[in-house]
Amino acid sequence: MSTADNHITLMLVFESGRPPVSIKLARWKYQLAIGLLAVLVLVSIFGTLNFARLSLQANERDFLLQENEELRRLNSKVVVLESNLQAYREMLHQVATLAGVDLTQYGMSAVGDSAATLSDTEFNIDAGAPVSGALQPAPTGLPVRGYLSRTFRPLDENPKTRHLGVDIAVKKGTRVTATADGEVAFAGWDDTFGWMVVLKHANNVETMYGHNDTLLVATGAPVSFGQTLALSGNTGVSTAPHVHYEVRIDGKPVDPEKYYGKTTN
């Protein structure tokens, strides 16, 4: 490189033996090129550091979301266990009353004094069918109490309005309960219905509960009428928290209204 007047001459020498090539640039052009090169280097360094920082933050966010989801699932299970414990306490109290046994003699207080309550939890929202000890092989009632926002419309010509079940609008975290005794045929993710539970019952009857937030049963588990299957949510293709409920016979959806008689609140 040599300088003369207001020009700078760059000479390129090739190792292959080719004749050298000289490039003569105005000084301002040379300075402009050096400046642009410096800016590109700085932008590259800044971009690399920023990308690394964002990647680290994204990983931390994913980790925290997973932990939060796990804690929420554990919390929901604790709520269900508290509910079951309350039912057992009430049963014990009734048996003790019938048998004339004073539970306080054994260090056990009355049910109303000792029972854990769910009123302090976010999940204590209108539940569906009550837990029952009686056998209930056929679907009865609805899985939640809520507002019926969409009805059974399997014959609509427009596929967008065709609907193979009913939608019940409820708050997120509402308990979704089994409408009959049966077994969990599927509990997992579905691209349309999000976290979904399918129960199989007697006489080739199935019920389906979609768009849940948290599942509380696993595939293959036996379930009883009124048992909590999940907590409602807004997962899958959904615009607001609700439960999509279907009744199927021999795999074909039928109108759930036949089983609940428009008893929604």
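This is a predicted model: local features need pLDDT of at least 70, side-chain atom pairs count only at pLDDT 80 or more; totals for chains, interfaces and linings use all residues.

Tutor: Residues are numbered from 1 along each chain as its sequence is written, and side-chain values use heavy atoms, with hydrogens and water left out.

Student: Why is the pair of Trp 189 and Trp 195 called edge-to-face?

Tutor: Rings of Phe, Tyr and Trp (its six-membered ring) pair if their centres lie within 6.5 Å, and planes under 30 degrees apart count as stacked, over 60 as edge-to-face and the rest as tilted. The centres of Trp 189 and Trp 195 are 5.3 Å apart and their planes stand at 75°, so the pair is edge-to-face.

Student: What makes Trp 189 count as partly exposed?

Tutor: Its relative accessibility is 42%, and partly exposed is the range between buried (under 20% relative accessible area) and exposed (over 50%), with a 1.4 Å probe and protein chains only.

Student: How do you know that the pair of Tyr 209 and Tyr 245 is tilted?

Tutor: The centres are 5.4 Å apart with 45° between the planes, and both Tyr 209 and Tyr 245 are buried.

Student: What makes Arg 18 lie over the face of Phe 14?

Tutor: Arg 18 is 4.5 Å from the ring centre of Phe 14, and the rule asks for NZ of Lys or CZ of Arg within 6 Å of the ring centre and within 35 degrees of the ring normal.

Student: Which residues have the most contacts inside the largest nonpolar core?

Tutor: They are Val 197, Leu 199 and Leu 229, in a core of 23 residues; such a core is a set of buried Ala, Val, Leu, Ile, Met, Phe, Trp, Tyr and Cys residues joined through side-chain atoms within 4.5 Å.
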